[in-house]
Amino acid sequence: MEMKAFVEKCRDEGHFTEVFNSGNHVEFVSSGGAKDTNVAISLSHDYDRKPCNEQFESEIEKTWALRREKNPFLFNGSKFRLFGVGHEDGKPVTLLLGQTCYRDFICTNMNNSQRIFLNEFGKSEYANEHACFSDALGVGSVVETSDGKLVFIRRSHQVYEDPGRLDTPGGHAEPSEVKLQYGKFDKNRSVDLDDMDEKAVVYELFHSIVREVRDEVNIPEEYLDWPLLIGIHRNHMTANKPGACFKIRCSLSGEEIKQLYNKGGPETYESSELLLVDLAEFQKGMSSSQVQELFRDLTPGCKACLYFYFNLQTNTCV
């Protein structure tokens with residue numbers, strides 16, 4: 001009951017909306033989530049962000065330059081845009097993906113002063129309030145240690161989203177990492193959806209979160225099981241930015257992970273602290289003082305990951 005109450009609190013706080021939940025489908029509950037073989041991708045530029053009016057579009061570069069002045073760690077790059085998710089029992093979970101970039105995400109989803117305008121313009125011009133938002137697809141994962149702990153990181157003040165708050169390791173799937181349908185892989189080349197193999201995009205979606213755990217926590221990939229997709233949500237605090245949530249088991253203990261983290265990895269600058277929390281504490285739900293204190297400091301995306309993870313644990317549709 002305590003765990004179920006924790007799951008409900010994560011959901012009822014209202015900071016995210018679930019789009020897909022593995023714990024609500026019998027075929028995924030037994031395996032602990034959706035495997036990559038249970039996921040399909042549909043790619044189309046029809047799913048790209050739609051342009052807003054001429055004045056807004058002409059201001060994007062200026063807005064981006066101002067954001068970069070305040071945070072020089074910001075850099076642009078191509079991202080996948082989640083248009084929607086389709087799933088019928090017995091069939092793969094299908095992600096409808098277009099293409100966007102991080103600049104457009106910062107200038108739309110993270111542009112608080114323009115959110116209402118973008119919503120209204122999308123509804124009036126495209127009959128879709130999401131149409132003019134970047135909606136770059138993020139990834140995050142609950143990481144389980146071999147000795148029954150969950151891994152959290154405190155986001156540094158050098159990152160743009162949720163600085164100073166506790167989160168799961170995460171980032172974005174990267175179009176630049178996708179193997180092309182034709183020709184050789186070239187990481188420095190600008191990659192277009194039309195050149196991509198959809199199965200290769202599924203692989204990148206799953207491998208991207210392995211990379212993030214590797215680079216942010218400094219855990220070598222050989223100690224990480226292949227991820228399971230446990231849910232997809234939209235974060236209300238970032239104009240409904242979508243996020244894919246995963247679960248990864250690690251064969252290392254909490255202490256071994258702590259030692260690796262302290263040595264520093266390729267993306268050490270993105271976090272300032274590693275926190276390991278016993279799963280037993282979460283079993284107590286909000287009656288645990290540690291969980292109560294932790295809950296206040298978690299990002300909405302982290303709460304979504306925990307919601308999907310513990311919904312699977314309870315094996316119920318809450």
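Author: A nonpolar core is a set of buried Ala, Val, Leu, Ile, Met, Phe, Trp, Tyr and Cys residues joined through side-chain atoms within 4.5 Å. Buried means under 20% relative accessible area, exposed over 50%, and partly exposed in between, with a 1.4 Å probe and protein chains only. The model is predicted: local features need pLDDT of at least 70, side-chain atom pairs count only at pLDDT 80 or more, and totals for chains, interfaces and linings use all residues. Residues are numbered from 1 along each chain as its sequence is written, and side-chain values use heavy atoms, with hydrogens and water left out.

The largest nonpolar core has 43 residues, of which Phe80, Leu95, Leu97, Leu205 and Leu229 touch the most other members. Helix H6 (residues 198-217) gives the largest share of this core, nine residues; helices (H or I, at least four residues) and strands (E, at least two) are DSSP runs, numbered from the N terminus. Another core, of 28 residues, lies apart from it and includes Cys10, Phe16, Leu166 and Phe295.

Leu229 has contacts (heavy atoms within 4.5 Å) with Phe20, Ser22, Gly33, Ala34, Val39, Phe206, Ala244, Cys245 and Phe246, leaving aside residues up to four places away in sequence.

Val39 belongs to strand S2 (residues 39-43), whose side chains alternate. S2 runs parallel to strand S4 (residues 93-101), and five bridges join them; strands pair if DSSP finds at least two bridges between them. Opposite Ser42 stands Leu96 in S4.
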